[in-house]
Amino acid sequence: MRLPARDACAEVVSCPYCTTSSPLYFSFHSRMFHRCHSCGLIFDGQWSEKDESYITYYQNSYFDDHARAQLSGQRTAIYRHALRLLQRHKKPGSLLDVGCGCGFFLQEAQECGWQVFGVDPSEKSVAQARALVGENVLCGTLHDVPSDQRFDAITLINVLDDMVNAWIQLEKLHDLLAPEGIIYLRFPNGSFHSSVVRMARMLFRTQLMNPFVVFHVYAITPRTIGRWLGDKGFSPIRISNAPLTGGTELQDQGAVVRGARRAVSLVTETVFKGVERLTCGRWVWGPSVEVIAGKGRGCHRP
Ligand SMILES: [Zn+2]
């Protein structure tokens, strides 16, 4: 395993994926993010120190911190969109949702005819998911999924950028896919969120945009995910702008912030989808990215 330098305050640290020296790009709530000019990865310079704390957080605290959003069903539209996209490329078969939470996506998939499996580190979430879709929900991480199992489809919805060594997780996904299987990924677009923060600070010297951006262990860019998936043997790969959640993560913030987030979401989604179409899919710069990637022939080119 390649490790970055441990000194998070250093101006330059090694990219954890390709080891290229990566300068400090911006700070966000006392966290130092660096950008690799070689592979495009934007990463928290302290990531290696966060491994256990991140897993512990998702085991013990995530459910309570986000229970209302998890239980409210406000992401149903996102889940149905992901299923429609999956089913353009694959008939319903076996499906594993990694980081399945309370199982609402699995429930939607089950109703569409998929045989569903889930894995999540939170015991509370897993109990909810089992009540919804049955016992095929494992309490643990991706690496607890038995390596001899195979799935026709694997989904990670707003999960990958929170996984330490995300590229190694992609290797495990590739191994778990049945021949001609496909994966669906959704995550915040690192290019968009980092640019918003940097532009707001440079032009207006303000941190008011902070509630509108998302940073976890990594800020994954379209260029980075394309390289990771290609390196791990996925093909074909389709990367595009994803429809937005409209601010469901901001329920603890005021009505003004939530309303502004929804308005910004609507405008940005429309603009960036338009730009993506005009550039024939070459410019994917919206707030959220989705990816369909196949394992060999049989996955119709998206
Ligand atoms: Zn790199």
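Student: What share of the contacts with a separation of 6 or more joins residues 24 or more positions apart?

Tutor: In this predicted model, such residues account for 64% of the contacts in the protein with a separation of 6 or more. The protein has 302 residues, and buried residues make up 41% of them. Its secondary structure comes to ten helices and twelve strands.

Student: How do I read a sheet, and in what order do the strands of the open sheet run?

Tutor: Go from strand to strand through the pairings. Here five strands form an open sheet in the order β1-β2-β3-β4-β10, with antiparallel pairing. β1 and β10 each have a single partner strand, so one side of each is left without a neighbour in the sheet.

Student: How many bridges join β2 and β3?

Tutor: β2 and β3 (residues 31–35) pair over four bridges, in the antiparallel sense.

Student: Which strands run parallel to β5?

Tutor: β5 pairs with β6 in the parallel sense over five bridges, and three bridges join β5 to β8, also parallel. For β6, look at S94, whose bridge partner is Q115. For β8, look at L96, whose bridge partner is I154.

Student: Why is β5 described as largely enclosed?

Tutor: Burial is judged by counting neighbours, and a residue with 20 or more other C-beta atoms within 10 Å of its own is buried. Four of the five residues of β5 are buried, so the strand is largely enclosed by the rest of the structure.

Student: What do β5, α5 and β6 make together?

Tutor: They make a β-α-β unit, and this one is right-handed. In the helix of that unit, α5 (residues 104–111), the residues F104, F105, L106 and A109 are buried. What covers them includes α4 (76–89), β5 (94–98), β6 (115–120), α6 (123–133) and β8. After α5 comes G113, with a positive phi near 105°.

Student: Is N158 buried or exposed?

Tutor: N158 counts as buried, because 20 C-beta neighbours lie inside 10 Å. T19 has 14 such neighbours inside 10 Å and therefore counts as partly exposed.

Student: Which peptide bond is cis?

Tutor: Look at the omega angle. The bond from S235 to P236 is cis, with omega near -5°. P236 is found in the loop between α9 (222–231) and β11 (237–241).

Student: Which residues is V214 in contact with, leaving aside its neighbours within four places in sequence?

Tutor: Those residues are P188 and H193. V214 itself is in the loop between α8 (190–204) and β10 (218–219). The C-alpha atoms of V214 and S194 are separated by 8.8 Å, although the two residues are 20 residues apart along the chain. With 18 C-beta neighbours inside 10 Å, V214 counts as partly exposed.

Notes. Residues are numbered from 1 along each chain as its sequence is written. This is a predicted model: local features need pLDDT of at least 70, side-chain atom pairs count only at pLDDT 80 or more; totals for chains, interfaces and linings use all residues. Helices (H or I, at least four residues) and strands (E, at least two) are DSSP runs, numbered from the N terminus. A residue is buried if 20 or more other C-beta atoms lie within 10 Å of its own, exposed if 12 or fewer, and partly exposed in between; C-beta atoms are placed from the backbone. Two residues are in contact if their C-beta atoms, placed from the backbone, lie within 7 Å. Two strands pair if DSSP finds at least two bridges between them. A crossover is right-handed if, with the strands pointing away from the viewer, the path from the first strand over the helix to the second runs clockwise.
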